Amino acid sequence: MSDGRSRQRGVLATIGVVVAWLMAIAGLVVVAFFILMAIALNNYGSNK
Amino acid sequence: MTRAARLVLMMIRPPVAAVLLLFAALGLASTGRADGVRPLFTTVLVVVAGWFVNATVLNDLADERIDRINLQNARGRPLVSGDATRAELLMLGLIAGGLALAVGWTVAPRLGIVVTSGLILNVAYSLPPLRLSARGLVTLFLLPLGYVVLPFLVGAYSVGTSLGPNGGILLAGLYLTFIGRIALKDFRDVRGDGLFGKRTMLVRHGTAPTCLLSAACIIVGSSMILGFASWHSVLAAVFAAYAGCALHGIRVLARAHEPSLQHAIIASIASICRGMGITLLTHFTMTAKGWSTTHMSLVHVALGLLFVAMYRSLMIERESEAAATVRPY
């Protein structure tokens, strides 16, 4: 993976974690869990 | 980690199990119990995980020869990798199915009926004489019964005796959209399926009709999901963006010939489909908590931007990263 693409993925993951954190603070705990899951799967790259 | 725990983790196929749990959460949400940490992460998790481990065990036992061709380097195929014997795997499947059955019937009779039906589907799907997994179009319409309908009903019936007012149409929409997604799964398995006479839609009809069916299911399914929302709402606009990304991915897929490239594109489409489910769950949760339309719209836009950006990122990487993204469970 090139540095640029790696950085882009890292930025997206960071934004996603912040969004999940805000959701959890707002009381949407289950939603926050699934957003974190989506970020993990996005970086993991599963094709399922 | 003990060998048994490792085997359970392999068979639960975490990426797929997470999606099943999302459908269970949507089932809970349809009854007005969105954001219900309990029972989602207690009884629902045990029932769905037990049923799914039983399903994967039976499928792995039945498809061992095909998996040795399709999934030689996969991490979640213990028979192929030599991490388990057939007897060990069978024992795990029986225990998992028994656990799901026991918890299901203990929680509620309706839940017990759903789990029992799901276990019967597992047998009919993977094992002779029916072996529905080898029957092309039929398979395509049966698989979402286990992947979508079962977890949705497990979620809904774990807290009540009926689906919510929009539950039926929501479930039908999710079912159709998932068909659009799962139709693409066969791209990964086409070589072994063809060799062993597994007549999947892709083997039988080829790339173009499979992609066309997938696109049609995603369009109709996502429209049905939004049956309860105004066509002028921000949620509808976000869903239109998701559907647009999925259709773009299918179009690119129809023109791709390299298997690793196809797999990378399918991963991007899967990513946007997860975005649909999570955005929907967020909508139900905010509605249940009485959020204002303005605040809900802001969250919808934020999630929309996040998931579209994730899709775009995966699509951009697809050519250079194709081989690295294929890590099937």
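Two residues are in contact when heavy atoms lie within 4.5 Å. By that rule, 46 residues of chain B are in contact with 29 residues of chain A. This is a predicted model, where local features need pLDDT of at least 70, side-chain atom pairs count only at pLDDT 80 or more, and totals for chains, interfaces and linings use all residues. Residues are numbered from 1 along each chain as its sequence is written, chains are lettered from A and ligands numbered from 1 in the order in which they are written, and side-chain values use heavy atoms, with hydrogens and water left out.

Start with the interface. Buried area is the accessible area (1.4 Å probe) that two parts lose on being put together, summed over both. Between chain B and chain A it is about 3400 Å². Carbon and sulfur atoms give 65% of that area. In chain B, the residues that lose the most area to chain A are B:Arg274, B:Leu306 and B:Met310. Together they make up 16% of what that side buries.

A salt bridge needs a side-chain nitrogen of Lys or Arg within 4 Å of a carboxyl oxygen of Asp or Glu. Across this interface of chain B and chain A, the rule finds zero salt bridges.

Which elements of chain B give two or more residues to the side that touches chain A? They are α2 (14-30), α3 (37-62), α14 (259-288) and α15 (293-325). Helices here are DSSP runs (H or I, at least four residues), numbered from the N terminus. α15(B) gives the most, with 14 residues.

Next come the aromatic rings. Rings of Phe, Tyr and Trp (its six-membered ring) pair if their centres lie within 6.5 Å; planes under 30 degrees apart count as stacked, over 60 as edge-to-face and the rest as tilted. Over all chains the count is eight aromatic pairs. A:Phe33 and A:Phe34 have ring centres 5.0 Å apart and planes at 75°, so the pair is edge-to-face. A residue is buried under 20% relative accessible area, exposed over 50% and partly exposed in between (1.4 Å probe, protein chains only). A:Phe33, at 35%, is partly exposed, whereas A:Phe34, at 0%, is buried.

In chain B, the rings of B:Tyr242 and B:Phe307 have centres 6.4 Å apart and planes at 80°, so this pair is edge-to-face. B:Tyr242 lies in helix α13 (residues 234-255) and B:Phe307 in helix α15, so the pair ties together parts 65 residues apart in sequence. B:Tyr242 is buried at 0% relative accessibility. B:Phe307 is also buried, at 0%. Elsewhere, ring pairs link B:Phe23, B:Trp51, B:Phe52, B:Tyr147 and B:Phe178 into a cluster.
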